[in-house]
Amino acid sequence: MKAVYLDTFAGISGNMLLGALLDAGYPFEMLRSELQKLQLGDYELIYKKVNKLGIDSVYFNVLLPDGHEHNHEAHEHGHQHGHEHHGHEHVHQHGEQVHNHTHVHRNFRDIMAIINASQLSDTVKAKAEMVFRAIAEAEAKVHGKTIEEVHFHEVGAVDTIIDIVGCLLGLEYLGIEKIYVGTVTTGSGFVQCAHGLMPVPAPATAELLQQLPQHKGIVEKEMTTPTGAALLKVLAEYSDGLPSGFTGNYIAYGAGTRDVQIPNVLRMYVGTVLQQTETVLEAACNLDDVSGEIVGYVVQKLLAAGALDVWTEPIMMKKGRPACKLAFLCAAEKLDGLLQIVFAETGTLGVRYHKVQRSVLKRGFVQADTPYGAVRVKYGVQDGKISGMAPEYEDCRQLAAEHNVPLASVYAAACQAAERLLHG
């Protein structure tokens with residue numbers, strides 16, 4: 001499967017990861033077009049090549065109507081209501097001067113209303129919800145509040161929504177199925193907040209990085225932001241160095257805003273990971289009092305949360321009650337998070353699970369040009385030969401809607417174009 005390994009020797013922020021994805025081949029104009037679906041108002045996107053102490057990289061940022069770029073690493077933690085200021089700097093430093101810029105306060109529900117009202121794919125929406133929820137839960141725990149009580153300055157701001165959604169769009173476009181990360185560099189020192197000086201990593205960042213190995217590094221500044229930490233928490237799996245079976249194809253770099261004594265870049269290895277046989281968990285529960293709409297919603301949430309596969313089966317329970325079995329496959333480390341979704345969304349009182357073995361083919365992607373537009377097509381490789389192919393549903397659905405043609409026609413055109421690419 002197509003995979004990336006994130007080397008966070010200089011930390012990670014949302015714009016650093018998005019810069020790396022752009023450097024890896026995600027077209028900037030496609031990013032701009034997709035972000036317009038959010039209808040976020042006035043902003044400008046900054047996209048340029050920069051050199052950080054000898055390393056060429058892509059710098060991405062957001063320019064808001066206040067006329068200032070937002071420094072994603074340097075944080076002046078100055079929120080009202082005792083809420084920490086994370087993800088982006090909204091107190092801009094220029095030499096010795098400090099300029100404050102006020103942004104609309106939004107809570108988790110407000111943010112998700114913006115995202116869910118867009119025409120983005122269901123997968124991107126579901127993963128965005130998980131990332132923002134992770135940040136909200138970390139903030140709530142730190143401050144002794146509920147998620148509903150936490151109001152964010154920067155997390156609700158346009159630039160952070162763009163960073164998180166943009167990263168998810170880039171991963172989807174590039175067909176990245178697995179994200180690995182090594183030990184996370186947090187930085188060190190202290191940052192100023194409404195309560196006084198706070199240690200690095202800041203409280204919410206420390207909460208988000210609980211399940212990942214971390215170290216301070218040599219830079220006495222905040223190097224990993226809560227946005228970067230939340231993306232890792234939701235999307236990534238730890239690997240001590242490049243994972244076993246990983247074959248790198250190329251390396252991409254995303255630049256940070258600040259210039260420090262080391263190259264301030266996120267290094268992203270892009271390649272494939274070969275897993276012939278692996279042990280996974282198969283989990284299932286029986287549902288006899290849940291509507292089909294809720295079951296469908298849960299299926300999407302489980303897939304977005306990292307389930308390897310999800311399916312339902314019609315069953316008959318005691319006393320002749322019709323019901324469905326909800327089942328999914330997952331890696332062992334993903335089980336707890338997936339169980340939380342099932343319990344919260346379905347109301348079931350129990351989920352059974354056991355280990356199973358599965359064999360998987362090496363997979364790849366090609367971009368097939370059809371009369372309707374470009375479609376990503378996934379294919380399998382067995383013994384060096386192409387074994388089956390499948391166009392990406394979201395690509396085909398969007399093109400079918402744009403051209404007012406049957407979905408099956410786009411599928412067929414994509415398969416024919418991919419066949420020509422792969423077999424000549």
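**Notes on the pockets and the sheet**

1. H9 supplies the largest share of the lining of the second largest pocket, namely seven residues. The structure is a predicted model. This pocket holds about 940 Å³ of space. Its lining has 25 residues, and those closest to the centre are Met130, Lys233, Val234, Gly337 and Gln340. Two or more lining residues come from each of H4, helix H7 (226-235), strand S11 (236-238) and H9. By class, the lining consists of 12 nonpolar, three polar and 10 charged residues.

2. The largest pocket contains about 1400 Å³ of space. Of its 46 lining residues, Lys127, Ile176, Glu177, Leu303 and Ala307 lie nearest the centre. Helix H4 (residues 122-143) gives the most to this lining, with four residues. The lining comprises 23 nonpolar, seven polar and 16 charged residues.

3. Four strands make up an open antiparallel sheet, in the order S15-S16-S14-S17. Strand S15 (309-316) and strand S17 (352-359) are the edges, each pairing on one side only. On average, neighbouring strands are turned by 30 degrees against each other, direction ignored.

4. Seven bridges join strand S14 (residues 277-287) to strand S16 (residues 322-330) in the antiparallel sense. Cysteine 285 has leucine 326 in S16 as its bridge partner.

5. Two helices pack on this sheet. Helix H8 (residues 292-304) touches S14, S15 and S16, and its direction makes about 150 degrees with that of S15. Helix H9 (residues 335-346) touches S14, S16 and S17, and its direction makes about 160 degrees with that of S16.

Methods
Residues are numbered from 1 along each chain as its sequence is written. This is a predicted model: local features need pLDDT of at least 70, side-chain atom pairs count only at pLDDT 80 or more; totals for chains, interfaces and linings use all residues. Side-chain values use heavy atoms; hydrogens and water are left out. Two strands pair if DSSP finds at least two bridges between them. Axes are lines fitted to C-alpha atoms, for helices over the stretch in contact, and angles run from 0 to 180 degrees between N-to-C directions. Contact means heavy atoms within 4.5 Å. On a 1 Å grid over the protein atoms alone, a cavity is a set of points where a 1.4 Å probe fits but cannot get out, and a pocket is an open set with protein on both sides within 12 Å along at least five of seven lines; lining residues have an atom within 4 Å of a point. Grid points are joined across faces, edges and corners, and a volume is the space filled by probe spheres set on the points. Ala, Val, Leu, Ile, Met, Phe, Trp, Tyr, Cys and Pro count as nonpolar, Asp, Glu, Lys and Arg as charged, and the others, Gly among them, as polar.
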